[in-house]
Number of protein chains: 2
Amino acid sequence: MTTKKIVEGILNSDRSILSKAITIIESERKDHQKKAKEIIKNCLPYSGNSFRIAITGIPGVGKSTFIESFGQHLISKGGKIAVLTIDPSSLESKGSILGDKTRMEKLASKKEAFIRPSASKGSLGGVAKKTKESIILCEAAGYNHILIETVGVGQSETSVTSMVDFFILLMLSNTGDELQGIKKGIMEVADLIVVNKADGKNIKNTKIAVAELKNAIHLQAERKSNFPLNALSCSSINNEGMKEILITIKEYAKCTIKNGYFHTKRKKQNEAWLKNILLNELTNNLNEKNNISNELKKLANEVSTRKIDPYTAVEKLMISFKYLKKR
Amino acid sequence: MTTKKIVEGILNSDRSILSKAITIIESERKDHQKKAKEIIKNCLPYSGNSFRIAITGIPGVGKSTFIESFGQHLISKGGKIAVLTIDPSSLESKGSILGDKTRMEKLASKKEAFIRPSASKGSLGGVAKKTKESIILCEAAGYNHILIETVGVGQSETSVTSMVDFFILLMLSNTGDELQGIKKGIMEVADLIVVNKADGKNIKNTKIAVAELKNAIHLQAERKSNFPLNALSCSSINNEGMKEILITIKEYAKCTIKNGYFHTKRKKQNEAWLKNILLNELTNNLNEKNNISNELKKLANEVSTRKIDPYTAVEKLMISFKYLKKR
C-alpha cells in the first residue's frame, strides 16, 4: 500500500489501516522506517487535538477493567477513544503476550474505540518504542481521547510522562508499606490518584485509603500545573466513580489551558521527543557495522584485558565519532 | 581527601572511605566526576575478582530479608560481601528514601559486610547510574561477593543484567495470572528462581509453585550459559534453603567458567559499559549550554508550532553535531 493511501485511510478513520500503519511504525525494517517517517510527517498537521491520558498502576490493580469502564463512559459523552496498551515483552526473545485486547471486550466492540496493544521490547519507562508516534496517528484518525495503559513510569525522554497531558495512578486499598517509596515518586507525577475496586467488602478499606491519600497529598509541595492533586475511588466492574473522574479531568484541562501549563508542557515534550530521535540517530551510528562499531569492539576487548581503562577508551572513540561522517 | 588517600583507603578495605568514594562517584559535580574517573582508573586493576549476583523481585517479595539471611550464610562460609541496594527514587525531586540499611540489621553489624543504598534517580533497568562503578570499588576493597538488590530489570546497557554474573529472581507462591508476561521475560534472564517465604501456612503453596515453575522451565529453550535454570524455595526468616542456593551458584560458576561463558559474558558487559560511557558523553554534549543545545530548543519550538517536522529537524541537528567539536 502506498504512503498516500495509508495516510488517506488514517484521515478517513479506517481502523484497519490505522493498525497497519502502527505496525509499519513499530517495524525495525529499514524500508518500513523510511515509510514510517513519511506517514508521520503527513499525519503531524492533523495531530495534537486530543487529550492524552496515561493510566498506570501495579499488575493486578485492574487497569484493563478500568479502561473498559472509563472508556465506555467517555464514549457515552461523545468521545472517540484510542487505547494504546503496553505489553511487558519477553526480554531475550523479544516476544510479547498480546492478551490485552480480549480483556476489553465491550470496548473493543464499539465503533468509537480503537484498541492497540504494543510490545514494550527494549523500551523503558513503561512505553513502547513508538508510543509517541502512535499517538500522532490516532489523533490524525480523529480520536479525541488517547488512553495509554502502562505498568511503569520512568524519568527519561521515553517515559510515558513525557507523552501525556494527564496521569492517572490506579491503586488498591491494601497496598503494603514497602511500596511507599515508589508511591511517593509516582505520586509526584500523578495528576489524579484513583483507588480502584471500591466494591463488595473492599468499600470500607477504600474509604480509609482515600482519606489517607488525601492526608498525604496535603503535605505535598505546590504542583507545577497549579491544579491540586486529588484522590478518588471507583469500581470498574460496577461502573461507579467514572463520572467524577471525567469531571476532574475536564477541570484540569480547563485550568491548565487557561494558565498556560498545558501548552508549556507539550512544548517541553516536543523538545524531549526531538532529543530522543536525535539520540536514536546517534545510537544507530554506533550499532551499524562501521568504523566506530569495530573500534568499540576492539577497545572493549582491551578494557577486558585491562590494556586500557574505559574513560581513556571513550576519549579515543569520541575523536572517531567526530570524523565518522567525513570518512 | 586526595585521590591517592581514597584509593589507599579502598584497597585497605576501609568501609568509611569506600562509602565516601561511592558518594563521589555518584555526585554530578564536575570536579567530583573528574576525581571519580581517577579513583575508578586506579581501582580497576584490583577489580573483577568477585562473583556478582543480582537479586530481583516485586516489592513485598522479601528481597532485603533474603539478603539478610543469604548474606550471613555467605559470611559463615568465609565470604566478604558488599550489598548494593537500589532505592526507587522520587521522580521529580530526585529525593530517595534510604531505608534499606536498617532493614538488614544483623548483616550490617558484621565486619565482613558492606551495605550501601543508592538512589536510582533517572536511571533505568533497576540500577543506579553508577552501580557498575560501585561494583569495581567494592571489588578493589576485597569483597568477593557483590549482591545487588533491585526492583526492576531492563534490556539496555544500564540494566542490572549487564552487570552481574548471576541473576536470582525471587518470587512468592501466590503470584497472580497477570504477572505471567513479566515472569516470562524475567525468567529468560534469570539463572535461578527462588520462591521465598516458604514458612508457616505457605509451605504447601510453595511446593506447588516450585513444581509449576519446574514444569514451565522444562518448556524453555536451551540456555546460553548451558547451565539449566532451576527453581528452589527458601524461608529467609527461618534461614532455610540458603545452603542449596549457594550450592547452585557455585555449580553455575564452575560450569560457566569451564565452558567459557563466564568470560564471554563479562567481555560483552565491558563492551556495553564502554558504549554506555560513550553515549553519556554524547548526551552531555547535548545537555550543556552550547550551540547544539540552543539549536535543539529552537527547533523544538518550530516542531511545536509545526513549522518543521521532527525528522527534518534531527537531520539538521546531526549536521551541527558533526561539527560541534570543531567550532
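Helix H6 (residues 131–140) of chain A has ten of its ten residues buried, so the rest of the structure largely encloses it. "Buried" here is a neighbour count: 20 or more other C-beta atoms within 10 Å of the residue's own, against 12 or fewer for exposed and anything in between for partly exposed, with C-beta atoms placed from the backbone. Bear in mind that this is a predicted model: local features need pLDDT of at least 70, side-chain atom pairs count only at pLDDT 80 or more, and totals for chains, interfaces and linings use all residues. Residues are numbered from 1 along each chain as its sequence is written, while chains are lettered from A and ligands numbered from 1 in the order in which they are written.

**Chain A and its H6**

- Gly142(A) follows H6(A) and has a positive phi, near 95 degrees.
- Chain A as a whole has twelve helices and seven strands; these are DSSP runs numbered from the N terminus, helices being H or I with at least four residues and strands E with at least two.
- Of its 327 residues, 47% count as buried.
- Take the contacts in chain A between residues at least 6 apart in sequence, and 72% of them join residues at least 24 apart. A contact means that two C-beta atoms, placed from the backbone, lie within 7 Å.

**Helix packing in chain B**

- Two packed helices are described by the angle between their axes and the distance between the axes.
- Helix H1 (residues 3–11) of chain B and helix H3 (residues 30–43) of chain B have axes that come within 10 Å and cross at roughly 40 degrees. That makes H1(B) oblique to H3(B).
- The axes are lines fitted to C-alpha atoms, for helices over the stretch in contact, and angles run from 0 to 180 degrees between N-to-C directions. Under 35 degrees counts as roughly parallel, over 145 as roughly antiparallel, 65 to 115 as roughly perpendicular and the rest as oblique.
- H1(B) and H3(B) cross in the right-handed sense; a crossing is right-handed if the near helix is turned clockwise from the far one by less than a right angle, and left-handed if anticlockwise.
- On the H1(B) side the contact uses Thr3(B), Ile6(B), Val7(B) and Ile10(B), which meet Lys35(B), Glu38(B), Ile39(B), Asn42(B) and Cys43(B) of H3(B). By class, the residues of this contact are five nonpolar, two polar and two charged. For those classes, Ala, Val, Leu, Ile, Met, Phe, Trp, Tyr, Cys and Pro count as nonpolar, Asp, Glu, Lys and Arg as charged, and the others, Gly among them, as polar.
- Helix H2 (residues 15–26) of chain B also packs on H3(B), with axes within 7 Å and a crossing of roughly 125 degrees. H2(B) and H3(B) are therefore oblique to each other, and their crossing is left-handed.
- Ala21(B), Ile24(B) and Ile25(B) of H2(B) make this contact with His32(B), Lys35(B), Ala36(B) and Ile39(B) of H3(B). Its classes come to five nonpolar, one polar and one charged.

**Strand E5 of chain B**

- Six of the six residues of strand E5 (residues 166–171) of chain B are buried, so the rest of the structure largely encloses E5(B).
- Phe166(B), Ile168(B) and Leu170(B) point one way from the strand, and Phe167(B), Leu169(B) and Met171(B) the other way.
- Strand E1 (residues 51–56) of chain B pairs with E5(B) in the parallel sense over four bridges, and Thr56(B) has Leu169(B) as its bridge partner. Pairing requires that DSSP finds at least two bridges between the strands.
- Strand E6 (residues 192–195) of chain B is also parallel to E5(B), over four bridges, with Ile168(B) opposite Leu192(B).

- Val314(B) sits in helix H12 (residues 310–323) of chain B and counts as buried because it has 23 C-beta neighbours inside 10 Å.
- Not counting residues up to four places away in sequence, Val314(B) touches Leu274(A), Ile277(A), Leu278(A) and Glu281(A).
- Ser13(B), in the loop between H1 and H2 of chain B, has a positive phi near 65 degrees.
- Lys197(B) also has a positive phi, about 65 degrees, although it is not a glycine; with 25 C-beta neighbours inside 10 Å, it counts as buried.
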